[in-house]
Amino acid sequence: MIENKKRILVLTSGGDSSGMNAYIKAIAKLCKKNDIEIVGSMYGFAGLIKNDFVELDYNQMRQVQNMGGSILKSSRCKEFQEEEGFKKALENLNKAKFDCVIVVGGNGSLRGAYDLMNAGINVIGIPATIDNDLSYTDLSLGYDTACQNAVCDIVKIKQSMSAFDRGFIAEVMGRHCSDIALKTAIISNADMCITEKVEFEDILKKVNQKTEKGVKSPLIIVQENLFNIEELSKYLEEQTQREYRSVKLGYIQRGGEPSNVDKMYAIELAVLTIETLLKNDYGVALGKRNGSMIAEKLSNVLKQKMTQSELKYIFEHYCFD
Ligand code: F6P
């Protein structure tokens, strides 16, 4: 019996991360090679509700692997979490008869994939978030690039701060996960990395310890959502007679060309996606643990991670004296 040609749908959802396009290109290439038809849903889950599907043609994807953002666009789709929107999405999916829906995104997106799975849709999840906060995988697409972007900007700003012996506070993204803050702090040799709410007085004590040891231009990395870094900057200026400047790095961390680590990971994820598809092994999210590629049951992947313990260890041993 001749098996029908497979037809899959891919969507990117939630905060975009550099590497999403590299994954789309890699999966499109492998689909072409394996005679699988590939379709994209525009704006993530919103495309399922609006029936906004586009044919993906590998030959039209020149250089997209080098671009940040997502050629399929993204959204945080509230409607999909509501009964009516979810029902509409299911209706459209059932009509379109895809063999599998590939959901590329972070925590919220993989939860969406899990809900689709429970409604009878074949799904595969791909970890893509700069926050690196998915507990089942050591690495998410976009995290390495985000850290690289943050370090690159901090290095530049630090040079200017050093010229004036100014202190410098940089706020990085990560939502509730400290991975970006810690990795960025380690690589940029920060004097402090603040990953939880602390009193300004305690920060001052640590800054004073550093300046007493000869640090002229203290660098403090702060994880987002903790406090107002401008207020901290003013407070330290008043208390130390040293000038301080603060910078929120923001979306600069999310965009730009993916790092080689993310480009390579996108390809590894695409290779495993095809293997998984060909085995009809659905209801899983792919990732990497201890250097090996893994496919983990979606029911086990929804736990959020706060921080990678090795990073905390390295920061404490390398940056504190
Ligand atoms: O989840 C990725 C992320 O960039 C977080 O680090 C940040 O808190 C959030 O998204 C910003 O969300 P938005 O794109 O909705 O402003």
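**View 1. Strand S1 pairs with strand S2 (residues 37-41) in the parallel sense, with four bridges between them.** This is a predicted model, where local features need a pLDDT of at least 70, side-chain atom pairs count only at pLDDT 80 or more, and totals for chains, interfaces and linings use all residues. Residues are numbered from 1 along each chain as its sequence is written, and side-chain values use heavy atoms, leaving out hydrogens and water. Strands (E, at least two residues) and helices (H or I, at least four residues) are DSSP runs, numbered from the N terminus. Two strands are said to pair if DSSP finds at least two bridges between them. To find your way along this pairing, look for Leu9, which stands opposite Val39 of S2, and for Arg7, whose bridge partner in S2 is Glu37. S1 also runs parallel to strand S4 (residues 100-105), and five bridges join these two. Here, Ile8 faces Cys100 of S4 as its opposite number. S1 is largely enclosed by the rest of the structure, because five of its six residues are buried (buried means under 20% relative accessible area, exposed over 50%, and partly exposed in between, with a 1.4 Å probe and protein chains only).

**View 2. S2 has another partner, strand S3 (residues 53-55), and this pair runs antiparallel.** Three bridges hold the place of this pairing, and one handy spot to look at is Gly40, whose bridge partner in S3 is Val54. S2 is mostly covered, with four of its five residues buried. Now follow the chain from S1 through H1 to S2: together they make a right-handed β-α-β unit. Right-handed means that, with the strands pointing away from the viewer, the path from the first strand over the helix to the second runs clockwise.

**View 3. Ser13 sits in the loop between strand S1 (7-12) and helix H1 (20-33).** Contact here means heavy atoms within 4.5 Å.

View 4. The buried residues are Phe200, Ile203, Leu204, Val207 and Lys210. An α-helix has 3.6 residues a turn, so residues three or four places apart point the same way. Among the elements covering the buried residues of H8 are strand S8 (219-223), strand S9 (244-248) and helix H11 (309-319). After H8 comes Gly214, with a positive phi near 110°.

**View 5. Helix H11 buries Leu311, Phe315 and Cys319.** These three cover an arc of only 35° around the axis, which puts them on the same side of H11. Turned away from that buried side is a face with the exposed residues Ser309, Tyr313 and His317. The cover over the buried residues of H11 includes helix H6 (143-164), helix H7 (179-187), S7 and H8.

View 6. Gln241 isn't a glycine, yet it has a positive phi of about 60°. With a relative accessible area of 71%, Gln241 is exposed, while Glu243 is partly exposed at 35%. Which residue's side chain makes a polar contact with that of Glu243? It's Arg166, at 2.8 Å. Glu243 and Asp165 are 78 residues apart in sequence, but their C-alpha atoms are 7.7 Å apart in space.

Note on methods: The arc is that of the directions from the helix axis to the C-beta atoms. A polar contact is a pair of N or O atoms within 3.5 Å; within protein, one must be able to donate a hydrogen and the other to accept it, and residues adjacent in sequence count only if both atoms are side-chain atoms.
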